[in-house]
Amino acid sequence: MLIADHLGVSLSIRGVWELLRRHGWSCQQPARRAVERDEAAVASWVKETWPRAKPPRGRSGHGWSSRMKPPSR
């Protein structure tokens with residue numbers, strides 16, 4: 001959406017990835033944690049905010065193991 005808004009073209013996720021790679025970008029992770037990281041704030045966020053933000057898990061109950069509809073009888 002952002003690319004289409006700014007550049008006027010629509011790209012798939014794979015297309016964006018290929019474009020970024022062509023220009024020398026890559027997936028990277030920091031080698032070490034930031035000095036400014038506040039572990040207490042992170043733990044508080046994980047405990048209080050994350051449970052409200054994450055999507056609910058699917059219910060596991062009795063029934064079919066397949067996601068397809070059971071056959072008609």
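This is a predicted model: local features need pLDDT of at least 70, side-chain atom pairs count only at pLDDT 80 or more; totals for chains, interfaces and linings use all residues.
Some ground rules come before the first click. Residues are numbered from 1 along each chain as its sequence is written, and side-chain values use heavy atoms, with hydrogens and water left out. Local features need pLDDT of at least 70 and side-chain atom pairs count only at pLDDT 80 or more, while totals for chains, interfaces and linings use all residues.

**Whole chain.** Show the cartoon. The protein has four helices and zero strands. From the N terminus on, its elements run α-α-α-α. Helices (H or I, at least four residues) and strands (E, at least two) are DSSP runs, numbered from the N terminus.

Switch to the surface. The protein exposes about 8,100 Å², and carbon and sulfur atoms supply 56% of that area. Accessible areas come from the Shrake-Rupley method with a 1.4 Å probe; for residues, only the protein chains shown count as cover. Of the 73 residues, 0% count as buried. Buried means under 20% relative accessible area, exposed over 50%, and partly exposed in between (1.4 Å probe, protein chains only).

**Val 16.** Select it in helix α2. Val 16 counts as partly exposed because its relative accessibility is 22%. Leaving aside neighbours within four places in sequence, Val 16 is in contact (heavy atoms within 4.5 Å) with Ile 3 and Leu 11. Ile 3 and Val 16 are 13 residues apart in sequence and 8.9 Å apart in space, C-alpha to C-alpha.

**Salt bridges.** A search of the whole structure finds two. A salt bridge is a side-chain nitrogen of Lys or Arg within 4 Å of a carboxyl oxygen of Asp or Glu.

Pick Arg 21 and Glu 18, whose side chains meet at 3.8 Å, N to O. Both lie in helix α2, three residues apart, about one turn of the helix. Arg 21 is partly exposed at 47% relative accessibility, and Glu 18 is partly exposed at 29%.

Finish at Glu 39 and Arg 37, where the bridge spans 2.7 Å, N to O. Glu 39 is partly exposed at 45%, as is Arg 37 at 34%.
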